[in-house]
Amino acid sequence: MKIKRIISAFLALTMVLSMPLYAFADINQTVSAGFGEGQEQHVTVNDNVSVINEVNAVFVEAHAPGSAADKNASAEVKGDVTAESYDSFSAVYAEGRNGDATVKINGNLKATVTGSGNVNGVELWGRSYNGSGYAYANIGGSITATSNSAACGIDSDCGDAFVTGDVSASGSKATGVYSYCEGNVNIGGDLKAEGSANACGAFLCTSDEKQQTLTVNKDVIVKCTSDDPSSVADGVRFYANGGKAYADIKGSIITSSNAETAGGLRFISTGSDGGGCYTLSPTYFDVKVGNSIISDDYGIAKCNDSGTVDLLVENEVKAKNTAVLLKDNSSLYEQASDGSGYCVNQLNLTVWKLNLNDRGNVAELLVDDDEAVAAKAFEKKINYIIKVQQPTEGGTVSLVDSSGNALKKSNNYYVAHEGEKVVVKANLLSGYTVIAAYNGVGEMLPLLKDENGNFYIIVPKGGGIYISVDIEESSSYSSNEDIRKKPVPVVAAKKTAKKANPLKIKGKKVTLKASKLADKKQTISVKKAIKFVQKGKGTITYKKIKGNKKITVNKKTGKITVKKGLKKGTYKVKVQVTAAGNSNYKKAVKKTTVKIVVK
């Protein structure tokens, strides 16, 4: 919404000049700057600004005459800005026509509507009315916008906004940032939106030959409190209308909805040529998420003709329904007009891990068999980040493909596709060898060896590969690197003091159905029964110390077997886990209790 108000410039100027420079009292009148009759072009207020039932708290309009040497207008408030109104308003309004309009607030900005009106914390208009100016806002604290109707933290059309703290919006329809045409929005803290009907963290609509940039230095947190399935909470929503948009979310995107209709990233088209997978003008999105996407519905939604997307998620996409949705309810999913293929080719996804839904998929279209095939093809093109933890001593390890070549890179990460073989290559000092390799964080699964004796893993659907290794030093070599290649007596090697084994475990709770136990025995993997907080060094063995006689523990695998006929109840099984250690680490013995509940 576009709201403007020019007050009596004489009163505003008198109010500003009469206040002592050192005071931080409250100014109860709109601060106005511009080229209107009686207005000051550049205004500074050394106090807080607090207004009630005004159209703006700070108003700047740069509409300079052609003869002006300085065509810019500005207003600076050294303290906080607080604005409250019963009707619709924008607490800060800056419009650059023939010149730049700049607002600077050193403190916090708070805008509240107590009635039924809408509210903007900051509203920016640049190059309006065919002018050549621009609009800028610099907020040294946080922005909070609250309304019973629509609330927006930053509403920008060709403007730049820089906020040191958080940006928060709360209302029936809440939007943290709405940015159209071009501009840069940089938020130093969290971006938050909570709506009783709909909520969106950031809404970016591109425009022909224009460029937008959104940076959020912490998390995007969005919540919709409605139970209505038509109500949606989106983390960041992109509209393709030509041009380019760049988004860098350095934390996580976390979205939730009472109706479980919440998404992380959504890419939507605003127009199409009627036959292809593009808008009237090409659109390009470059999006980075530094941590995870966590959502009540889908993680990423890509519509049929919403431009080309290069997307990096450095951690996990965890969505209750589908990690990647290749259409939404408002758009048909179609082939390109030239028959060259499906539009999913426009989504270039690099990610560490995608969770599988209860149908065993990470990507879905859910329309017909042909499009299901397209979803499967897309899954094979996902670039999964392959992470590796280097050993603390003895050299390094690298990862190669089945032909021994270095893995390809995407966004500066080594990546591989589902079904491809990733092999551990050791680059160790003389006398060291890799004795085991694992995949996982916390709970680590051992890798297999191929026919050449190399540890390897096949990239699973959903990815999530984090390789670590156990390195062992032969006792026939000294720990002194200068003479490592010279054999030394075994007796000398035994003089080294060994390190404490890092093994650390924690028992879990496992639930079994009595109905299944009535017919046959049930088995529990060690992964489900015991959490390895820190993996141990050396061979791991298991032993049951105490528990019901119908419950046994496999010595080598740790697998727990519950025999047929165990009745309903809660059973505690005490398990001993031993890490044998090696030439560098001592033996470790840890005990924990696994709780088995039979219902």
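Strand 16 and strand 18 (residues 191–206) pair in the parallel sense over 13 bridges, where strands are DSSP runs (E, at least two residues) numbered from the N terminus and two strands count as paired if DSSP finds at least two bridges between them. This is a predicted model, in which local features need pLDDT of at least 70 and side-chain atom pairs count only at pLDDT 80 or more, while totals for chains, interfaces and linings use all residues. Residues are numbered from 1 along each chain as its sequence is written, and side-chain values use heavy atoms, with hydrogens and water left out.

- Strand 16 spans residues 167–181 and is mostly covered, with eleven of its 15 residues buried, that is, under 20% relative accessible area with a 1.4 Å probe and protein chains only.
- Strand 13 (residues 143–146) pairs with strand 16 in the parallel sense over four bridges, and the bridge partner of I143 in strand 16 is V167.

- Three strands form an open sheet in the order 44-48-47, and their pairing is antiparallel.
- The edges are strand 44 (522–524) and strand 47 (551–553), each of which pairs on one side only.
- Strand 47 pairs with strand 48 (residues 560–562) in the antiparallel sense over three bridges, and T552 has T561 of strand 48 as its bridge partner.

Terms used
Buried means under 20% relative accessible area, exposed over 50%, partly exposed in between (1.4 Å probe, protein chains only).
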